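Trainee: Could we go through this model together? I'd like to ask about a few spots as they come up.

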Amino acid sequence: MLDPLQIIRLVEDNMRAHGLPFPAPRESLYSWAKPLNLPEKGSPMIYTGGLYQLTPYIVSVVESLSKTEDLRLTSMAFRASRLLSALGLSGLVVRPKADVASYIERVLRSIVELLREAGVKVAYAYEDDMYSGVILYDLGLDSLFKENAVKVYRALKSRGAEVIITVDPHTTHIMRSVYPKYVEGYDLKVKSYLEVLAETGFKVERRDRGDIVIHDPCLYARFESIIEQPRTLLGNAGFKVLEPRRSGRMTYCCGGPIEGLAPKIAKTIAKTRLSELAEKPGVIVTMCPICYANLKAVSDEKVEIEDIALLLRG
Amino acid sequence: MTLKFEAWKAFEDIYDVLGNQEFQEALKRASTNNQAKVAKLLHERPELLGFAEEVRDLKRRSIEALGELIGKAMESLERAAAKPYYAGTAEEARTLIGKIIGSGKRIVMSKSMAATEIGLRSYLESLGNEVWETDLGEFLIQLEGSKPMHAIAPAVHMTREKASTLVAEKIKVQISRGSVEETVSAVRRFLRDKITTADVGISGANALAADTGAIVLVENESNIRLVTSTPPVHVAVVPVDKIVPTLVDAFKVAIVQAAYAGLYPPTYINIIAGPSSTADIEQVRVYGAQGPRELHVILLDNGRLKASRDPALKEQLYCIRCGRCQFECPVWVHTANTWGGPTYGGPMGIVWTAITLDPVEAGKLSYLCLGCGRCDEACPMNINISRELRHLKTLATQALRRS
């Protein structure tokens, strides 16, 4: 267990300094889309909220903070604060995991390409693709979350967004089910790209691409009722979808949400889930960068894990 | 004696059990078995889903009218010749019970989380009484000197090997290592003598009917029957959130609790409406026939009435303590009740800790919540537990930032 206050301060300081919860350059959020030259205004608009792009940084932050995780919390709190203050709390230098970073770029570009193939033309706000504040909400930093939410909403509105297309379950949930409670007059319509693709009847003309084991993200399955869409899309793309022991509404968490505070427990949970997914043959499909990173971190080379966007893109 | 709890210290225990292979194995076996058992049960008996829906509705109505129901229950208990008491705090409850029981007594207890909540066993011991737990799991906890690790299955963290060794050592009997049968039989022999000679029996309650003052208790071991009917005095500790309007309502609560704990039909459901009595001679009622002569009922508030007016915590009072959310929680299945507070544990337990003890400390425990919502999905009362836990996080975060 790490000292929550240290994490809270780290996140707060970074948010105040540059609008991101971890030390990462602002550009890291939108550089993936530069070669795509998407219109910067209009609707529907892709809104990533930054979770995919921040994942390589989160992995690095967790790795460096994990070193201070100790069995004894009393000494732990002390050690964590020593390490962080030695580095300077907001001066903590984080190098993104390079392999994860390039993977994430491919995922995001694939999503835009999939939408394009399905006939959905999207705008993208580039510099105004701001961090949604998921972690602020999860840490109970409500006033900072609200402040940030209002900024995000205004920026999206000023770019002409009416419908936003989200790319991960956390951002989908926060924009669709949480923002309305914090932002007055909130009127954005929020859809996950999986819902958009399923609505268009999107189909890839490929057959017999083998077995895949589906790992439903908690927020899609239990909070946003996105269960059938990925199955339909994967089936249409020629995959045989296998269900793990716990799936759909009773899907099992990857442990990711507490990796920043209790990496050991998070890893234990990830191992439990991975071994369950590996009971079935086939590639494990994830729909969330946190699930991807967490399951990946406890897997060996025998297990193949792939983001749904890359599988659909094929 | 005050009950204090510090979340940071609890994290030490959590990390200890993470590295304890036996603990992890026992929990894995128990949660896997339980998940499968309940899923099968609900599939085979869809009528239970209907019962759960009825209980959801009646619990909501009960909590809305909690203050009124407490008053009604007190009146009904008096009519039933029981002695009702209202205890605002844990301290008050202990003092009341201490006065009823005094010292130098032999006391047998059936498993009661409410008794644990008020620190009853150690308090009565400190007054110079001899106290025995009679639920097998709770008895193992007493021997081990730990806390209940699950709402229904207190010794869920013990393997058969651990349990048999513990009993053999503590009550000094010969038991083949790992034999569940021999362990159960040794405990039965040991406790039978305590029960038959006890001065006081203490129980909790699954529900209390406001219309009649009847207490409903569900069980499989039959220890509750013995504890509540053998000694001359019965003291029941009943948290006020367990009060429901009618006896039929109370019965439904017991049925649903048992089913969602994976025990259906339960072997026994006890209804206790007053002390034992007879009017067989000339139709003159005399109390203290074969059962207790006195029944004392402590209605324990300890933060509950206040919580019933707090929109962020109110829903927790619908909880019937089936422990479903615990077995389904990805964190709990590795920590058991080391995570949750001194009495309760897991998703629902943290909220109970907030209500009955300290919302900020409970909030610190919530930092381990994944927000994954399996508890919400599993809860037969549809309590939005993950939302409550996130609310508690905001309280802890505010407190930490001020510190």
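Trainee: Leaving aside neighbours within four places in sequence, which residues is Tyr264(B) in contact with?

Mentor: Keeping in mind that this is a predicted model, Tyr264(B) is in contact with Leu41(B), Arg45(B), Leu48(B), Ile255(B), Ala258(B) and Ala259(B), once its neighbours within four places in sequence are left aside.

Trainee: And where is the place of Tyr264(B)?

Mentor: Tyr264(B) sits in the loop between helix H12 (247–260) and strand E9 (268–272) of chain B. With a relative accessible area of 23%, Tyr264(B) is partly exposed, because only residues under 20% count as buried.

Trainee: Switching to the core, which residues touch the most other members of the largest nonpolar core?

Mentor: Those are Leu115(A), Met175(A), Tyr193(A) and Ile265(A), in a core of 192 residues, and helix H4 (residues 98–117) of chain A gives the most to this core, with 9 residues.

Trainee: What is Ile265(A) in contact with, leaving aside its neighbours within four places in sequence?

Mentor: Ile265(A) has contacts with Ile258(A) and, in chain B, with Ile14(B), Tyr15(B), Leu18(B), Val331(B) and Leu368(B).

Trainee: Now helices: at what angle do H1 and H6 of chain A pack?

Mentor: Helix H1 (residues 4–18) of chain A and helix H6 (residues 142–158) of chain A pack at about 25 degrees, with axes 12 Å apart, and H1(A) and H6(A) are therefore roughly parallel to each other.

Trainee: Which residues make that contact?

Mentor: H1(A) contributes Glu12(A), Met15(A) and Arg16(A), while H6(A) contributes Leu144(A), Glu147(A) and Asn148(A); by class, the contact of H1(A) with H6(A) has 2 nonpolar, 1 polar and 3 charged residues.

Definitions and conventions. Residues are numbered from 1 along each chain as its sequence is written. Chains are lettered from A and ligands numbered from 1 in the order in which they are written. This is a predicted model: local features need pLDDT of at least 70, side-chain atom pairs count only at pLDDT 80 or more; totals for chains, interfaces and linings use all residues. Side-chain values use heavy atoms; hydrogens and water are left out. Axes are lines fitted to C-alpha atoms, for helices over the stretch in contact, and angles run from 0 to 180 degrees between N-to-C directions. Helices (H or I, at least four residues) and strands (E, at least two) are DSSP runs, numbered from the N terminus. Angles under 35 degrees count as roughly parallel, over 145 as roughly antiparallel, 65 to 115 as roughly perpendicular and the rest as oblique. Contact means heavy atoms within 4.5 Å. Ala, Val, Leu, Ile, Met, Phe, Trp, Tyr, Cys and Pro count as nonpolar, Asp, Glu, Lys and Arg as charged, and the others, Gly among them, as polar. A nonpolar core is a set of buried Ala, Val, Leu, Ile, Met, Phe, Trp, Tyr and Cys residues joined through side-chain atoms within 4.5 Å. Buried means under 20% relative accessible area, exposed over 50%, partly exposed in between (1.4 Å probe, protein chains only).
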